[in-house]
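Dear colleague,

I am passing on the structure we talked about, and it is shown just below. After it I have written out what was found, going from the whole chain to single residues.

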Amino acid sequence: QGKLRLGPTDRVITPELPFDISERTLEAFVSLPVTNQKSGVVMQIEQGDVWDGIIFSDFTPGRWTPGSSFRHRSTEFDIPEEPAGPADVLQLATVYARDNSIMLYRNGNVLGGPFTPQGPMSSLQTYRKGEARIVFGRGIVCDLIEARLYDRALTWKEIATSYKECVRE
(Lines give C-alpha, C1' and ligand atoms only; values in the text may rest on other atoms or scores of the structure.)
Protein backbone atom coordinates (compact mmCIF):
# COMPACT_ATOMS: atom_id res chain seq x y z
CA GLN A 1 0.00 0.00 0.00
CA GLY A 2 2.94 2.32 -0.59
CA LYS A 3 4.10 2.23 3.03
CA LEU A 4 7.00 0.64 4.85
CA ARG A 5 5.83 -0.81 8.18
CA LEU A 6 8.56 -0.46 10.80
CA GLY A 7 8.36 -2.50 13.98
CA PRO A 8 10.21 -1.81 17.23
CA THR A 9 13.29 -3.80 16.19
CA ASP A 10 13.27 -2.86 12.48
CA ARG A 11 15.78 -0.54 10.84
CA VAL A 12 16.41 0.45 7.25
CA ILE A 13 19.89 1.78 6.56
CA THR A 14 20.90 3.52 3.34
CA PRO A 15 24.29 3.18 1.69
CA GLU A 16 26.82 5.85 2.66
CA LEU A 17 25.98 9.31 1.38
CA PRO A 18 27.84 10.38 -1.80
CA PHE A 19 28.35 13.96 -0.50
CA ASP A 20 29.24 15.92 2.64
CA ILE A 21 26.31 17.56 4.38
CA SER A 22 26.11 20.12 7.20
CA GLU A 23 23.14 22.44 6.83
CA ARG A 24 20.19 20.12 6.17
CA THR A 25 16.53 19.22 6.55
CA LEU A 26 15.26 15.76 7.46
CA GLU A 27 11.64 15.23 6.42
CA ALA A 28 9.47 12.15 6.95
CA PHE A 29 5.83 11.36 6.30
CA VAL A 30 4.56 8.72 8.72
CA SER A 31 1.51 7.33 10.44
CA LEU A 32 1.55 5.98 13.97
CA PRO A 33 -0.69 2.99 14.75
CA VAL A 34 -0.38 3.92 18.45
CA THR A 35 1.04 6.94 20.24
CA ASN A 36 1.81 5.32 23.60
CA GLN A 37 5.27 4.17 22.48
CA LYS A 38 8.66 4.32 24.10
CA SER A 39 11.41 6.42 22.57
CA GLY A 40 12.04 5.71 18.92
CA VAL A 41 13.76 7.10 15.84
CA VAL A 42 11.74 7.85 12.71
CA MET A 43 14.70 9.16 10.65
CA GLN A 44 18.26 10.04 11.49
CA ILE A 45 21.53 10.90 9.82
CA GLU A 46 24.48 9.17 11.44
CA GLN A 47 28.21 8.80 11.20
CA GLY A 48 29.74 6.42 13.71
CA ASP A 49 28.23 7.22 17.09
CA VAL A 50 27.23 10.79 16.11
CA TRP A 51 23.68 11.31 14.85
CA ASP A 52 20.80 13.79 14.53
CA GLY A 53 17.19 12.93 13.84
CA ILE A 54 13.45 12.99 14.31
CA ILE A 55 12.58 11.24 17.57
CA PHE A 56 9.27 10.27 19.16
CA SER A 57 8.82 10.00 22.96
CA ASP A 58 12.42 10.82 23.88
CA PHE A 59 12.08 13.14 26.87
CA THR A 60 8.32 12.76 27.37
CA PRO A 61 6.07 10.00 25.98
CA GLY A 62 3.97 11.10 23.01
CA ARG A 63 6.02 14.16 22.04
CA TRP A 64 8.24 14.82 19.03
CA THR A 65 11.84 15.92 19.51
CA PRO A 66 14.80 16.90 17.37
CA GLY A 67 17.12 14.30 18.87
CA SER A 68 20.85 13.68 18.76
CA SER A 69 23.58 11.42 20.03
CA PHE A 70 24.03 11.88 23.78
CA ARG A 71 21.38 14.66 23.54
CA HIS A 72 24.10 17.17 22.57
CA ARG A 73 21.79 18.80 20.00
CA SER A 74 18.44 17.80 21.53
CA THR A 75 15.81 19.72 23.41
CA GLU A 76 12.32 19.16 24.71
CA PHE A 77 9.80 21.68 23.48
CA ASP A 78 6.71 22.64 25.48
CA ILE A 79 4.29 21.01 23.05
CA PRO A 80 1.21 18.81 23.44
CA GLU A 81 1.26 15.06 23.08
CA GLU A 82 0.73 13.77 19.54
CA PRO A 83 -3.05 13.70 18.91
CA ALA A 84 -2.95 11.81 15.57
CA GLY A 85 -4.95 8.68 15.00
CA PRO A 86 -3.70 5.56 13.19
CA ALA A 87 -5.01 6.70 9.79
CA ASP A 88 -3.50 10.21 9.98
CA VAL A 89 -0.46 11.01 7.86
CA LEU A 90 2.04 13.21 9.68
CA GLN A 91 4.81 15.28 8.18
CA LEU A 92 7.76 15.80 10.51
CA ALA A 93 10.73 17.93 9.53
CA THR A 94 13.80 18.91 11.48
CA VAL A 95 15.83 21.79 10.08
CA TYR A 96 19.51 22.27 10.96
CA ALA A 97 20.51 25.76 9.82
CA ARG A 98 23.92 27.23 9.12
CA ASP A 99 23.59 29.51 12.19
CA ASN A 100 23.42 26.34 14.37
CA SER A 101 19.71 26.77 15.11
CA ILE A 102 17.34 23.80 14.99
CA MET A 103 13.61 23.90 14.18
CA LEU A 104 10.97 21.18 14.34
CA TYR A 105 7.88 21.18 12.12
CA ARG A 106 4.70 19.10 12.09
CA ASN A 107 2.27 19.14 9.16
CA GLY A 108 3.70 22.32 7.66
CA ASN A 109 3.69 24.31 10.90
CA VAL A 110 6.37 25.14 13.45
CA LEU A 111 6.14 22.70 16.33
CA GLY A 112 9.18 23.96 18.23
CA GLY A 113 12.16 26.23 17.96
CA PRO A 114 14.30 27.71 16.88
CA PHE A 115 16.74 26.70 19.54
CA THR A 116 20.52 26.82 19.54
CA PRO A 117 22.17 23.93 21.37
CA GLN A 118 24.78 24.72 24.01
CA GLY A 119 27.60 22.66 25.48
CA PRO A 120 29.94 19.96 24.20
CA MET A 121 29.35 18.71 20.64
CA SER A 122 26.49 21.19 20.25
CA SER A 123 27.63 22.81 17.01
CA LEU A 124 26.21 21.98 13.60
CA GLN A 125 27.65 18.62 12.61
CA THR A 126 29.14 17.87 9.22
CA TYR A 127 28.42 14.36 8.02
CA ARG A 128 31.11 13.14 5.62
CA LYS A 129 30.80 11.64 2.17
CA GLY A 130 31.33 7.89 2.26
CA GLU A 131 30.89 7.72 6.05
CA ALA A 132 27.41 9.06 6.84
CA ARG A 133 24.12 7.31 6.15
CA ILE A 134 20.42 7.64 6.84
CA VAL A 135 18.62 5.28 9.21
CA PHE A 136 14.86 4.77 9.42
CA GLY A 137 13.32 3.12 12.46
CA ARG A 138 14.82 2.22 15.78
CA GLY A 139 12.46 1.42 18.61
CA ILE A 140 9.35 2.85 16.95
CA VAL A 141 6.27 1.33 15.34
CA CYS A 142 5.18 3.41 12.36
CA ASP A 143 4.34 3.35 8.69
CA LEU A 144 6.93 5.27 6.70
CA ILE A 145 5.24 6.75 3.66
CA GLU A 146 7.97 8.99 2.31
CA ALA A 147 11.25 10.50 3.49
CA ARG A 148 13.52 13.20 2.14
CA LEU A 149 16.96 14.55 2.94
CA TYR A 150 17.73 18.10 1.77
CA ASP A 151 21.23 19.59 1.73
CA ARG A 152 19.93 22.93 2.98
CA ALA A 153 17.68 24.40 5.62
CA LEU A 154 14.18 24.56 4.15
CA THR A 155 12.07 27.58 4.95
CA TRP A 156 8.69 27.39 6.67
CA LYS A 157 7.01 28.10 3.32
CA GLU A 158 8.86 25.23 1.61
CA ILE A 159 7.94 22.82 4.39
CA ALA A 160 4.29 23.92 4.31
CA THR A 161 4.24 23.46 0.51
CA SER A 162 5.80 20.00 0.81
CA TYR A 163 3.11 19.00 3.31
CA LYS A 164 0.28 20.28 1.11
CA GLU A 165 1.66 18.48 -1.95
CA CYS A 166 2.06 15.16 -0.15
CA VAL A 167 -1.38 15.27 1.43
CA ARG A 168 -2.99 15.94 -1.96
CA GLU A 169 -1.39 12.88 -3.60
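**What was found**

Among the contacts in the chain between residues at least 6 apart in sequence, 67% join residues that are at least 24 apart. Please keep in mind while reading that this is a predicted model.

**The chain as a whole**

The secondary structure comes to 11 strands and 1 helix, and along the sequence the pattern reads β-β-β-β-β-β-β-β-β-β-β-α. The C-alpha trace spans about 40 × 35 × 30 Å along its principal axes. For 169 residues a compact globule would have a radius of gyration near 15 Å, and the chain, with 15 Å, agrees with that value.

Of the 169 residues, 49% count as buried. The chain exposes about 8300 Å², and carbon and sulfur atoms supply 51% of that area. As for charge, there are 19 positive and 22 negative side chains, and the centres of these two sets lie 1 Å apart.

In soluble globular proteins, nonpolar side chains tend to be buried together. In this chain the largest nonpolar core has 30 residues, of which Val-30, Val-42 and Trp-64 touch the most other members. The elements that give two or more residues to this core are strands E3 (24-31), E4 (40-47), E5 (50-56), E7 (90-96), E8 (102-106), E10 (133-136) and E11 (142-150). A second, separate core is made up of 8 residues, including Val-95, Tyr-105, Leu-154 and Ile-159.

Which of them is buried, and which is exposed? Ile-79 has a relative accessible area of 6% and is therefore buried, the cut-off being under 20%. Pro-80, at 62%, is exposed, since that value is over 50%.

Their contacts can be set side by side as well, not counting residues up to four places away in sequence. Ile-79 touches Arg-63, Trp-64 and Leu-111, whereas Pro-80 touches Gly-62 and Arg-63.

The C-alpha atoms of Ile-79 and Glu-131, which are 52 residues apart along the chain, are separated by 34 Å, and Pro-80 and Lys-3, 77 residues apart in sequence, are 26 Å apart from C-alpha to C-alpha.

**Asp-151, between E11 and the helix**

Asp-151 is located in the loop between E11 and helix H1 (156-168), and with a relative accessible area of 56% this residue is exposed. Its C-alpha atom is separated by 8.9 Å from that of Asp-20, although the two residues are 131 residues apart along the chain. Not counting residues up to four places away in sequence, Asp-151 touches Ile-21, Glu-23 and Arg-24, and Arg-24 falls within the range given for strand E3 (24-31).

**Backbone details to check**

- A cis peptide bond joins Gly-113 and Pro-114, with an omega of about 5°; Pro-114 is found in strand E9 (residues 109-115).
- Asn-100, in the loop between E7 and E8, has a positive phi of about 80° although it is not a glycine. At 16% relative accessibility, Asn-100 counts as buried.
- Met-121, in the loop between E9 and E10, likewise is not a glycine and has a positive phi, of about 55°. Met-121 is partly exposed, with a relative accessible area of 42%.

With best wishes

Key
Residues are numbered from 1 along each chain as its sequence is written. This is a predicted model: local features need pLDDT of at least 70, side-chain atom pairs count only at pLDDT 80 or more; totals for chains, interfaces and linings use all residues. Side-chain values use heavy atoms; hydrogens and water are left out. Helices (H or I, at least four residues) and strands (E, at least two) are DSSP runs, numbered from the N terminus. The radius of gyration is taken over C-alpha atoms; the globule rule is 2.2 Å times the number of residues to the power 0.38. Buried means under 20% relative accessible area, exposed over 50%, partly exposed in between (1.4 Å probe, protein chains only). Contact means heavy atoms within 4.5 Å. Accessible areas come from the Shrake-Rupley method with a 1.4 Å probe; for residues, only the protein chains shown count as cover. Lys and Arg count as positive and Asp and Glu as negative; His and the chain ends are not counted. The place of a charge is taken as NZ of Lys, CZ of Arg, CG of Asp or CD of Glu. A nonpolar core is a set of buried Ala, Val, Leu, Ile, Met, Phe, Trp, Tyr and Cys residues joined through side-chain atoms within 4.5 Å.
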